[in-house]
Amino acid sequence: MAGQTLYDKLWRSHVVREDADGTTLLYIDRHLIHEVTTPQAFEGLRLSGRRAWRANSVVATADHNTPTSDWDQGIKEEVARLQVEQLDANIKEFGALVYFPFRHANQGIIHVIGPENGTTLPGMTVVCGDSHTSTHGAFGALAHGIGTSEVEHVLATQTLVAKKSKAMLIKVDGPLGKGVTAKDVALAIIGKIGTAGGTGCAVEFAGSAIESLSMEGRMTLCNMAIEAGARAGIVAPDDKTAAYLKGLTHAPKGADWDKAVAYWKTLKSDADARFDSVVEIKAAEIEPQVTWGTSPEQVLAVGGRVPDPSQEADPQKRASITRSLAYMGLTAGTPLVDIKLDKVFIGSCTNSRIEDLRAAAVVARGQKKASSIKRVLVVPGSGQVKRQAEAEGLDKVFLDAGFEWREPGCSMCLAMNADRLEPGERCASTSNRNFEGRQGPGGRTHLVSPAMAAAAAIAGHFVDIRSFGERS
Amino acid sequence: MKAFKRIKGLVFPLDRANVDTDAIIPKQFLKSIKRSGFGPYLFDELRYKDHGEPGMDCTNRPLNMDFPLNWPRFQGAQVLLARDNFGCGSSREHAPWAIENYGFGVVIAPSFADIFFNNCFQNGLLPVVLPAPTVDRLFKECLATEGYTLEVDLERQTVTTPSGEAIPFEVNPHRKHCLMMGLDDIALTLQHADEIRAFETKHKSAQPWLFA
Ligand code: SF4
């Protein structure tokens with residue numbers, strides 16, 4: 001028998017039962033909850049008189065609807081406030097291991113607070129009614145998004161009805177170039193395999209370039225696995241993973257720690273494991289990336305030019321390029337570095353961790369945002385990230401540069417709160433989706449790394465971060 | 001959940017790939033704590049010329065007549081014909097809720113995004129995968145013929161065209177069973193509560209830290 005992939009191991013260690021056709025009841029270790037995708041699930045439990053199977057598997061916070069300024073004034077928009085209050089009531093009634101409600105010192109984006117509190121561990125199954133649950137795969141956990149009915153199912157039964165995905169290996173080898181971050185690796189992969197390239201697959205990211213990434217970088221990468229259509233993204237745990245987790249509130253302690261670490265060491269694909277598909281990428285070929293269209297696969301290296309639809313042979317693709325350019329208000333052939341911006345957003349579960357803020361601060365230090373840039377929002381991923389950044393003086397660096405320093409939350413990643421683009425406004429964003437209207441109706445989003453976003457804020461247009469220090 | 005057995009209905013062709021869940025139901029409608037009432041806001045940004053907000057009365061909103069769903073010939077459509085990677089993007093179940101609330105019972109496409117695909121089955125909505133060339137042909141026939149209908153039979157696992165051609169499709173037997181009976185997954189799973197408990201005990205003794 002061929003060896004097992006990491007995905008096989010994670011899957012098999014959670015199978016409660018399996019039907020002849022492969023339909024499996026999979027045990028769920030960690031259930032993450034936020035206010036937007038869960039009210040109907042709790043309501044379902046209530047209507048059927050059911051309780052939560054294991055409330056201490058639940059980690060919850062309010063993040064999507066919450067404002068990022070004037071917290072003392074509460075949530076002004078009534079429907080949003082209702083949803084956040086409903087979460088308070090639901091957690092009170094059904095219980096949770098961890099709950100950081102609105103305005104709690106540790107409130108933040110669910111995918112940031114889970115890992116930083118040690119509630120995401122290697123070998124776990126992690127689900128959340130949120131597609132970017134793939135983030136937690138950075139720890140060698142099997143983590144993916146589910147719908148609201150499945151949220152209710154997991155609450156009631158601690159299991160998920162699932163079928164095994166295909167296993168894909170994406171191998172990135174070699175040293176990453178100057179100015180190239182995990183975000184660029186993620187975008188380059190999506191550019192290569194497309195937004196449906198990973199559909200039906202659990203993707204394992206491996207290779208020396210992936211190993212060289214910090215835990216924050218691995219989270220950024222796995223976060224975007226869903227943008228390649230993958231059900232989950234996974235990185236095998238290693239010494240860095242253990243070092244990151246050691247001492248965190250909910251990480252194992254004492255004898256359990258040693259036992260856990262020994263187990264985590266077994267969580268890797270066997271040398272003779274077989275994958276359904278393999279993609280190999282040379283790290284040296286990855287350059288800093290900028291998206292130009294309305295899908296994350298519409299991405300190019302920063303030195304590129306806006307593509308010309310007439311050069312595209314496939315009629316479907318040609319139509320989609322034409323539509324994207326019209327929406328984005330771009331002309332074919334324009335160098336990406338000539339694209340001028342209105343706003344910059346540094347934040348989201350992709351890039352709002354301390355390392356991301358440090359990278360942006362390095363660029364912003366001693367500089368001023370361009371006068372043509374209306375607003376630069378820096379939104380830390382959690383209360384903990386915010387305090388850490390302030391302890392390092394990063395908030396001052398941003399404020400001195402004319403950036404705004406906000407309270408944690410999802411913010412302008414999806415513009416469910418007051419932070420949004422106006423129609424036609426163009427934004428460099430460290431988030432993960434450049435869909436039409438994502439950051440506000442009519443808003444135009446370009447996805448980039450935190451350093452590229454900060455540099456664009458200062459220059460007023462995109463710049464190649466590799467030569468940023470050399471400009472006049 | 002409402003049972004699904006067979007639908008014979010008018011087809012609405014949505015001729016673009018990678019239709020994402022933000023396009024299906026924009027985020028402002030996610031603030032609702034209900035699971036119904038999303039039908040009028042399906043494809044809101046494409047369908048109307050103004051900006052939609054939850055709770056808005058849609059009867060007098062200006063329609064975007066460039067969007068074919070607003071064309072008289074597609075009113076009352078029950079079968080949504082789509083292109084590759086339909087339902088990509090977020091996990092919001094509001095997307096199938098909106099499609100189902102609007103009146104569709106089936107979505108046919110060459111491929112679907114995973115989470116959306118699973119969500120459909122939870123809501124009495126049948127996602128049917130057909131080969132891309134077949135879908136392409138259905139698009140052509142549908143656009144050429146006013147009043148074009150398809151009959152989708154879950155029991156027989158066929159899509160039948162007006163000319164009587166029956167195209168077979170695959171569906172997971174468990175999903176098929178639940179959909180045909182209108183069965184709630186939770187009740188089915190709880191029949192295995194003892195197995196879940198036994199698994200949990202074993203799992204806890206192997207990795208006690210997971211239960212801390
Ligand atoms: S930051 Fe954006 S992508 Fe992440 S959970 Fe919040 S809304 Fe979703």
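1. Start with a loop in chain A. A:Gln158 is found in the loop between α5 (148-157) and β8 (159-162) of chain A. The model is predicted, so read each value below as computed from that prediction. Phi of A:Gln158 is near 65 degrees, which is positive, and the residue is not a glycine. In general, most residues other than glycine have a negative phi. Is A:Gln158 buried or exposed? With 1% relative accessibility, A:Gln158 counts as buried.

2. Look for B:Asn18 in the loop between β1 (6-13) and α1 (21-24) of chain B. Its relative accessibility is 26%, so B:Asn18 counts as partly exposed. For burial, the value would have to be under 20%.

3. Go back to helix α5 of chain A, which holds A:Val151. A:Val151 is buried, at 1% relative accessibility. Which residues does A:Val151 touch, beyond those up to four places away in sequence? They are A:His31, A:Ile33, A:Thr37, A:Thr38, A:Ala41, A:Gly129 and A:Ile146. A:Leu32 sits 119 residues from A:Val151 along the chain, and their C-alpha atoms are 9.2 Å apart.

4. Next comes the ligand. What surrounds the ligand? Its shell consists of A:His64, A:Ile109, A:His111, A:Asp130, A:His132, A:Ser348, A:Cys349, A:Cys410, A:Cys413, A:Leu414, A:Asn432 and A:Arg438. Sorted by type, the shell has five nonpolar, five polar and two charged residues. The ligand takes up the space of the largest cavity.

5. Helix α13 of chain A spans residues 383-391. Its buried residues are A:Gly383, A:Val385, A:Lys386 and A:Ala389. Why are they on the same side of α13(A)? They cover an arc of only 160 degrees around the axis, and this puts them on the same side. There is a general rule to recall here. An α-helix has 3.6 residues a turn, so residues three or four places apart point the same way. What do the buried residues of α13(A) pack against? Their partners in chain A are α4 (110-116), α12 (354-364), α14 (394-400) and β17 (404-405).

6. One of those partners, α12(A), has its own buried residues. They are A:Ile354, A:Asp356, A:Leu357, A:Ala360, A:Ala361, A:Val363 and A:Ala364. After α12(A) comes A:Gly366, with a positive phi near 75 degrees.

7. A:Gly217 belongs to helix α8 of chain A, residues 215-223. At 4% relative accessibility, A:Gly217 counts as buried. Setting aside neighbours within four places in sequence, A:Gly217 is in contact with A:Ala182 and A:Glu355. A:Gly402 lies 185 residues away along the chain, and its C-alpha atom is 27 Å from that of A:Gly217.

8. Now take chain B as a whole. How many helices and strands are there in chain B? There are eight helices and seven strands. The C-alpha atoms fill a box of roughly 65 × 45 × 25 Å along the principal axes. Chain B has 212 residues, and 58% of them count as buried. Consider its contacts between residues at least 6 apart in sequence: 63% of these join residues at least 24 apart.

9. Within chain B, B:Gly52 is in the loop between α2 (44-47) and β2 (79-81). B:Gly52 is buried, with a relative accessible area of 1%. Apart from neighbours within four places in sequence, its contacts are B:Gln28, B:Phe29, B:Asp44 and B:Arg61. B:Pro40 is twelve residues from B:Gly52 along the chain, and their C-alpha atoms are separated by 10.0 Å.

10. End with B:Phe211, in the segment after α8 (193-206) of chain B. Which residues does B:Phe211 touch, not counting those up to four places away in sequence? In chain A they are A:Tyr27, A:Arg54 and A:Asn56, and in chain B they are B:Glu200, B:His203 and B:Lys204. B:Phe211 has 10% relative accessibility and counts as buried. From B:Phe211 to B:Glu200 is eleven residues along the chain, with 9.6 Å between their C-alpha atoms.

Key. Residues numbered from 1 in each chain as written. Chains lettered and ligands numbered in written order. Predicted model: local features only at pLDDT ≥ 70, side-chain atom pairs only at ≥ 80, totals over all residues. Heavy atoms only, no water. Near = heavy atom within 4 Å. 1 Å grid on protein atoms, 1.4 Å probe; cavity = no way out; pocket = protein on both sides within 12 Å on 5 of 7 lines; lining within 4 Å. Sits in = over half its atoms within 2 Å of the grid points. Nonpolar A, V, L, I, M, F, W, Y, C, P; charged D, E, K, R; others polar. Buried < 20%, exposed > 50% of the residue type's maximum accessible area, 1.4 Å probe, protein only. Helix = DSSP H or I, 4+ residues; strand = E, 2+ residues; numbered from the N terminus. Arc of directions from axis to C-beta. Contact = heavy atoms within 4.5 Å.
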